[in-house]
Amino acid sequence: MRRSNLPAELNRFVGRTAEQDALAALLRTSRLVTVVGVGGVGKTRLALRTAAEAQKRYGDGVRLAELAPLRDPDLVAHALAEALGLTDHTPRPPHEALVEHLAERRVLLVLDGFEHLVESCAPLVRELLAHAPGLTVLAAGRRPLRVAGEAVFPLAPMGEADAVALLAERAAEAGAPVLPGVPVLPAGAGGRGAAADPGGPEGAGAEGAGAEDAGASGTDASTSPTRTPSSRASSEVPDSVRELCRRLDGIPLALELAAGRLPLLSAEQMLHRLDDRFRLLADGERGALPRHQALRTAIGWSHELCTPRERLLWARLSVFAGPFDLEAVEYVCGGRELPPERILDLLGGLLAQSLVSREDTPAGPAYRMLGTVAAYGAEWLAALGDTERMRRRHRDWYMGLATWCELEWFSPRQREVAARTDVALPNLRAALELCLELPEDAHLAQHLAGTLWFAWAGCGRLSEGRYWLDRALALDSGHQEARLKALWVLGYVAILQGDGTAAVAALHECGERAGASGNALAEAYATHRMGCLALLTDDTARAEELIGRALDSYRELGELNSNVLMGQVEVAMARAFRGDLEGAVALCREVREVCEERGELWTRAYALYVLAYAAWTREAYGEARGLLAECVSINHAFHDLVGLVLAIELLALVTASEGDPAEAAVLQGAAVPVWEAVGVRLFGSASFGGPGELCEARAREALGAEAYEEAFREGRGLSADAVVERALAGRRDPAGGGPAAPRPFRTGRSAGVPGTRKPAGSPTGKGGEAAG
């Protein structure tokens, strides 16, 4: 896990020097600090800038949890776990996993946009702070959490000098003439830590104001030769510019929206337009308007200056949660009034006006609408009476995306699918929520939760997958096929969580229903997963019999995918545990060949594990290490802790066999926290535990109890990334010759931006046919 997941800053941070210093000082004395203020005042940007500069004080990193896209309060703990890089496979409540994970770590956790979830967020923060003494929380929202010990940091709008500087900076970025009397720093001129600083989801070019002061040396900004625009603003600034900043109350978002219009309108022209808006809002009364109305004025005025089609796109974009790509916008928002071929130009217009921001994601370029701006758009969408239809179209697109991803999981695009699913997760959650809201769409909830099996089981999201599957299956959908799929997926997830009781209940229901309705494929999946459960409970003969029966059905039905290949690997494991290594190797070589033909990685990693075990039995330690290096790389990339920890434990045995018992003990210790995240160690299986027990016996005998325990403790203290790096470093030379070069891990394709293929059609017939 990277020490920080703070987003890169997309433009310069202007002003706020005193506020940043005060907030940093407060963070040094308080474990919970909440930056509060009106929408658009710059809370996110200030919090992220301050967090970035405080990173050195937190040995286990700084992590950002974006809560604004969440609508379901029960997902707050899941979102925090995701932000912390915590992969927990157990059936325990996610807040318990968070407590255990943070208990001995020194972390700064940044919570952004929590105000609509405060009732669930506040108790969780209270519990985490009580049980994790090294945790500090920096929150940004429109209201305090009201947790004991909370230090509230009210963020006021910008002062006049900073406001003028921000307006000038953003206007210059938009291509407007330089404002008289306000010098703009040349590109690359720095604020402190500019190269590594974050810009938040509302920040980089949106709700942002920052500190372009004296640089990293800490020189006083008032005497630095590279002084900021705010410090250099002079009496030469036109009165119209000063008045514009005053009328916008120094609210950064309002200023940035205004700056986006300066290439087209002068400051005087904008003042006239604002006067009209203020009179309308104030109903003819004199006096200053409240700040929230000033921001609303700026947003409404920006809305008026948009073309009719831009306004319509703005309204429709409000249905997205989190980042979205161009293809999604074209499908969800396109129609008669918004031809899809015009969407790119219209989106560019909103981007140029700072109403939408662009960001680079692991799945390629994406866009995001600021929360305040999206809320305004949502009101317009409601006024148009189009909210329900647009939410259905949004749901249909992401159901189609999930279907496409499931198909492409068994392909060279597997890593790309994992990245795309990760980026789309907030919108997939919104789609699931809509399905669960509408009784007539319960079957769609079951279908979607089941279709995402690869995200739950293959990408380390078992806990969240269990949450959605349980909720979907609690409904009576009346659609047998959707329920059957959700049932076998729930059984699979429960098995991997170590919850055999829930797994048997789900798989038994699936098998009974499938047999009664003649659904041979669902019956095969239920049989397969019952065999998987038998394998993990050391009933290898029954496991081979059940999974073999399922594989026969798959062949008869023409089913071939990652699940089918995993069934072959599981039979190979059963055979290996019973001493039939030749049969196990033959099966896994076949699986490996098919995976290489199809570009499949996830199942391939498990086949490599079995082949590595067989290589170890032949004392081909170098071959075993090379196979396990690939295995570790793949499982770590997909956050598959089960495969990762099995590979690490077998690698420890290989290392001991190579004559390095100290390193073997370190790797054994490193496996312990991974097993704690997985659940019951080795699922209680003596078969899977064999390599670890043999390794421990050999290492203890070679080192002695005291030296073994010392090395074991060293391993327990390693982070997941450090463990993987160590595992991939190659065989050490205990005599001091350094590590041997590991076998490189390569795939047929590098992970890149998914192609432009449209997602498969959604099984629903609603919500998308008559766009416009």
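Visitor: Is Gly 531 buried or exposed?
Guide: The model is predicted, so local features need pLDDT of at least 70 and side-chain atom pairs count only at pLDDT 80 or more, while totals for chains, interfaces and linings use all residues. Residues are numbered from 1 along each chain as its sequence is written, and side-chain values use heavy atoms, with hydrogens and water left out. A residue is buried under 20% relative accessible area, exposed over 50% and partly exposed in between (1.4 Å probe, protein chains only). The relative accessible area of Gly 531 is 0%, so Gly 531 is buried.

Visitor: Which helix holds Gly 531?
Guide: Helices are DSSP runs of H or I with at least four residues, strands are runs of E with at least two, and both are numbered from the N terminus. By that numbering, Gly 531 belongs to helix 24.

Visitor: Which residues does Gly 531 touch, not counting those up to four places away in sequence?
Guide: Contact means heavy atoms within 4.5 Å. The chain also brings Glu 545 to Gly 531 with 7.6 Å between the C-alpha atoms, although the two are 14 residues apart along the chain. With residues up to four places away set aside, Gly 531 touches Ala 543, Leu 546 and Ile 547.

Visitor: How many of the 17 residues of helix 24 are buried?
Guide: Helix 24 covers residues 520-536. Helix 24 is mostly covered, and its buried residues number 13.

Visitor: Which residue with a positive phi follows helix 24?
Guide: Most residues other than glycine have a negative phi, and most peptide bonds are trans. After helix 24 there is a residue with phi near 70°, and its name is Asp 538.

Visitor: Are the rings of Trp 488 and Tyr 525 stacked or edge-to-face?
Guide: The structure holds 16 aromatic pairs. Rings of Phe, Tyr and Trp (its six-membered ring) pair if their centres lie within 6.5 Å; planes under 30 degrees apart are stacked, over 60 edge-to-face, and the rest tilted. For Trp 488 and Tyr 525 the centres are 4.2 Å apart and the planes at 5°, so the pair is stacked.

Visitor: How many residues apart in sequence are the parts that Trp 488 and Tyr 525 tie together?
Guide: Trp 488 counts as buried at 5% relative accessibility, and Tyr 525 counts as buried at 5%. Trp 488 lies in helix 22 (residues 480-496) and Tyr 525 in helix 24, so the pair ties together parts whose separation in sequence, in residues, is 37.

Visitor: Which residues of helix 19 meet helix 17?
Guide: Helix 17 contributes Arg 395, Tyr 398, Met 399, Ala 402, Thr 403 and Glu 406 to this contact. On the side of helix 19, the residues are Leu 444, His 447, Leu 448 and Thr 451.

Visitor: Is Gln 497 buried or exposed?
Guide: Gln 497 sits in the loop between helix 22 and helix 23 (500-517). Beyond its neighbours within four places in sequence, Gln 497 is in contact with residues including His 89, Leu 462 and Val 678. Its relative accessibility is 3%, so Gln 497 counts as buried.

Visitor: Is Arg 146 buried or exposed?
Guide: Arg 146 is in the loop between strand 4 (135-141) and strand 5 (151-154). Its phi is near 60°, a positive value in a residue other than glycine. At 67% relative accessibility, Arg 146 counts as exposed.

Visitor: What percentage of the 772 residues in the chain is buried?
Guide: The chain has 34 helices and seven strands. Of its 772 residues, the buried share is 59%.

Terms used:
Expected span 1.5 Å × (residues − 1).
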